[in-house]
Amino acid sequence: MSLEFLTQINNMLEHYMKPVSDFVYSIAFYPITIKGVQVPVLILWLIFSGLFFLSATKFVPIWGFKKSIQTLLGKCDQNTKGEISPFQASATALSSTIGMGNIAGVAIAISLGGPGACFWIMVAGFISMATKFTEVTLSLIYRKENADGSFSGGPMYYISQGLKEKGLGVLGKILSVFFAVAIVGGAIGCGNMLQINIATNQVINITGGAENSIVAPYAWLFGTIVAIIVAITIIGGIKGIARVTKYLTPFMTLTYIIGGLIFVALNITHVPQAIYTIVTQAFVGKAVTGGMIGALIIGFKRALQSNEAGYGSAPIIYSAVKTNKPIQAGFLALLEPFYDTVVLCSLTAFVIILSGVYINSTGIQGVELTSAAFSTSLPHFSYVLTLVVILFVISSIFGAAYYGQKAWEYLFGHHIISQRIYQAIYCLCIIIGSATSLTSVINFTDSMMFLAVLPNTIAMIILLPAVLKQIKEHSQDKPDCESAQKIISDRDKEKIEA
């Protein structure tokens, strides 16, 4: 496959997709003006719905956090229906959300909204935990077991089945199909093509730049190698993906965290000033962005793009977890926004702010700003960062492959031919994405991903009583497995003594 051929594909897609992309983008990110700031209505909806779920669940990120750790360690429901363990489910879900949002997205937020945007990224991460808990719990309530023993679930199932139970069957069917189409588009575009494109550009940058890089003319070959790795992995379904991500996710995140912590340690004397800058500018921000409102919106937008709470991707993955209690999957999902947004995004923010490189930066910068920040104290870390970027990208592509496939199966049937067609298209798009820009295609799929939020969150609000029922039943159960074992042990002692 030659570069010229891929360029022709790029030009053709740009030509036909641009008008469609511009139209969909204008709908998905339709703005209203608040204090001189253009605020997308959909972002406001995500913020308010997240606050609603946080209140309705009585701040589940706080009281459910310990339970999420217990579930992650696999202390409960090990011999139950499902395909993957709690740890594998968490690693796979994290693999789809941990990506460029943690490295490039934070840098973009700072270049647009200043250090204050980082404060709102952390706040958004906390709120997102309640949203993620709600959608994942619903997914387990309505998941279904297929004839081959696999499981399918996610918003397309609880939208259709849940609304049908409420007497809104037709509406549920329409919204579920729309959601599935949006997820397929988002998985292929933003979860696949955008990710590989960023990774390819990072490799080109550290090998001499676009003009001098020996890699640039063979970008498609890099994409082909990644496509082969992805193809081999996703053919094995969720079990194959989970076998890889349970090792890949901890390795890549720990590598990045260690690098970030070393950087912070080398600049430890400046940490108090960095914290002060983040907090104070959260309520002032850059004048050009409208102060607090601008920093808030930018921070929430980047956080939501990073952890995908409300998008509906994670519920599809968690539907395969081994558990008999839907709420346990909800507890498990709490960790995802915390680790992805509160921990990783905050670490990137501290590196950039401590370095001070954002002060003199020009324009909107992503990975290159983060790379420049690390280089101020760790001169050769750009090579390690490139490796981390590639691993983050591959992990995101794995996760997106699965939830995109499940949405595809919902539309076209759960059989081997349907699966292979999707997998072939998905892997081909990796190659195309590595060698072309595809701006309009990316804008279109990004918009579709955001539009998936509407049917998902609407259904979540309507079906919230089912989640609250799970919480009530759980509160009447034993506090946790260890407590239950202790109670049983105490009773045995009493019997012996008697």
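**Ground rules.** I'm looking at a predicted model, where local features need pLDDT of at least 70, side-chain atom pairs count only at pLDDT 80 or more, and totals for chains, interfaces and linings use all residues. Residues are numbered from 1 along each chain as its sequence is written, and side-chain values use heavy atoms, with hydrogens and water left out.

**Salt bridges.** How many salt bridges does the structure hold? I found two, taking a salt bridge as a side-chain nitrogen of Lys or Arg within 4 Å of a carboxyl oxygen of Asp or Glu.

I went to lysine 132 and glutamate 336, whose closest N and O atoms are 3.2 Å apart. This pair ties together distant parts of the chain: lysine 132 is in helix 7 (residues 116-141) and glutamate 336 in helix 16 (residues 326-355), 204 residues apart. For helices I use DSSP runs of H or I with at least four residues, numbered from the N terminus.

Is lysine 132 buried or exposed? It is buried, because its relative accessible area is 0%, and buried means under 20% (1.4 Å probe, protein chains only), with exposed over 50%. Glutamate 336 also counts as buried, at 0%.

Then I checked the other bridge, where glutamate 409 meets lysine 406 at 3.5 Å, N to O. Both sit in helix 18 (residues 381-412), three residues apart, or about one turn of the helix. I noted glutamate 409 and lysine 406 as buried too.

**Helix 7 with helix 16.** Next I looked up how these two helices pass. Their axes (lines fitted to C-alpha atoms over the stretch in contact) come within 7 Å and cross at roughly 160°. Angles run from 0 to 180 degrees between N-to-C directions, and over 145 counts as roughly antiparallel, so helix 7 and helix 16 get that label. The crossing is right-handed, meaning that the near helix is turned clockwise from the far one by less than a right angle. I read the contact residues as 22 nonpolar, six polar and two charged.

**Helix 9 with helix 19.** My last stop was helix 9 (residues 169-206) and helix 19 (residues 416-435), whose axes come within 8 Å and cross at roughly 35°. This crossing is right-handed. Which residues meet here? Among them are Ala187, Ile188 and Gly191 in helix 9, and Tyr422, Ile425 and Tyr426 in helix 19, with contact meaning heavy atoms within 4.5 Å.

Key: Helices (H or I, at least four residues) and strands (E, at least two) are DSSP runs, numbered from the N terminus. Angles under 35 degrees count as roughly parallel, over 145 as roughly antiparallel, 65 to 115 as roughly perpendicular and the rest as oblique. Ala, Val, Leu, Ile, Met, Phe, Trp, Tyr, Cys and Pro count as nonpolar, Asp, Glu, Lys and Arg as charged, and the others, Gly among them, as polar.
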